[in-house]
Amino acid sequence: FPGYDRALIARRERELIARSDVVLATSQPLYEAKRLLHENVHFIEHGVNHAHLTRAVDETLAIPADLDALPRPIIGFVGVVGEWVDLELVVGLARCRPNASIVIIGPMATASDALRAMPNVHLLGPRDHGTLPAYLRGFDVGLIPFQRTALTIHANPIKLYEYLAAGVPVVSTSLPAVKPAAGSVWLADTVPDTVQSCDVALMHNSIQERRARSEATRVHAWSARLDQIGRIIDRTLTREHPAAFQPSHEHDASLPEPEPIASGVE
């Protein structure tokens, strides 16, 4: 993030890690970096409020009027629109699919005249998290259009888990934490590939597929993550944690391999 004293933060982080008994990293690149600084580092991905977001597959849940009035399909993004968002990719998608509604829910932290000029781009602004299931129920595709920067390469986007918990098929740029998943997640880094991936994702948007997608994401609930962390802490307290510099496979032992999602960049 811009505007921070990088050297100061790095020094304070090293001091904090040196005083810690256990360190949790939320992405593989962060894990690889921190395991050089400490002997008891574990890779624990972000989780999701599954019980809240799975409400999006309930067909009786009303879609908010400001979304329901828009032409379908609705291709949406939820989160802060910061400098890490590839706005040119979003504009290109809107231009290539003029009959689709490109919806952005969240604060605009960076200006984009090109985005605002597109007639089929709808900037709805921030919404209360309590209403997120209703909005995601109206999404036909969820976007993660992040640029590949030092920030996003180390991120594990929470919105990936949120989209999937709500049953929404996902099209994302090829971030390290986001892997393709048959019928659920498609990777695309160019406008043509993004357009094509959205077209394919729309063919996997039935209510049956959305329910199955949501159910499969249950393993990423925060309660499951807390169980993982609890076991790590228990082992640390009894000094039975793995030897120095050995990767933790705690998540593999208790859960199926995740279909990635999010980190500090949401």
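A salt bridge is counted here when a side-chain nitrogen of Lys or Arg lies within 4 Å of a carboxyl oxygen of Asp or Glu. The model is predicted.

**Exercise 1.** Determine which parts of the chain the salt bridge between Arg97 and Asp199 ties together.

*Solution.* Step 1: the closest N and O atoms of Arg97 and Asp199 are 2.6 Å apart, and the pair forms a salt bridge. Step 2: Arg97 belongs to the loop between helix H5 (87-96) and strand S4 (101-105), while Asp199 belongs to helix H10 (residues 191-202), so the pair links parts that are 102 residues apart in sequence. Step 3: Arg97 has a relative accessibility of 31% and counts as partly exposed; Asp199, with a relative accessible area of 27%, is also partly exposed.

**Exercise 2.** Carry out the analysis for Asp66 and Arg127.

*Solution.* Step 1: a salt bridge joins Asp66 to Arg127, with 2.8 Å between the closest N and O atoms. Step 2: Asp66 is located in helix H4 (residues 65-68) and Arg127 in the loop between strand S5 (121-125) and helix H7 (132-137); the pair therefore ties together parts that are 61 residues apart in sequence. Step 3: Asp66 is partly exposed at 29% relative accessibility, and Arg127 is partly exposed at 34%.

**Exercise 3.** Locate the salt bridge between Glu15 and Arg12 within the secondary structure.

*Solution.* Step 1: the closest N and O atoms of Glu15 and Arg12 are 3.1 Å apart in this salt bridge. Step 2: both residues lie in helix H1, three residues apart, which is about one turn of the helix. Step 3: Glu15 is partly exposed, with a relative accessible area of 36%, and Arg12 is partly exposed at 48%. Step 4: a search of the whole structure finds eight salt bridges, among them the one between Glu15 and Arg12.

**Exercise 4.** Is Phe1 buried or exposed, and which surface patch includes Phe1?

*Solution.* Step 1: Phe1 precedes helix H1 (6-18). Step 2: the relative accessible area of Phe1 is 55%; the residue is therefore exposed, the threshold being over 50%. Step 3: Phe1, Tyr4 and Ile9 make a nonpolar surface patch of about 370 Å².

**Exercise 5.** Describe the protein chain as a whole.

*Solution.* Step 1: the secondary structure consists of 13 helices and eight strands. Step 2: the chain has 266 residues, of which 49% count as buried. Step 3: the chain exposes about 12700 Å², and carbon and sulfur atoms supply 56% of that area. Step 4: of the contacts between residues at least 6 apart in sequence, 71% join residues at least 24 apart.

Technical notes:
Residues are numbered from 1 along each chain as its sequence is written. This is a predicted model: local features need pLDDT of at least 70, side-chain atom pairs count only at pLDDT 80 or more; totals for chains, interfaces and linings use all residues. Side-chain values use heavy atoms; hydrogens and water are left out. Patches are made of residues with over 30% relative accessible area and no salt bridge: like charges are joined within 9 Å, nonpolar side chains (Val, Leu, Ile, Met, Phe, Trp, Tyr) within 5 Å. Accessible areas come from the Shrake-Rupley method with a 1.4 Å probe; for residues, only the protein chains shown count as cover. Helices (H or I, at least four residues) and strands (E, at least two) are DSSP runs, numbered from the N terminus. Buried means under 20% relative accessible area, exposed over 50%, partly exposed in between (1.4 Å probe, protein chains only). Contact means heavy atoms within 4.5 Å.
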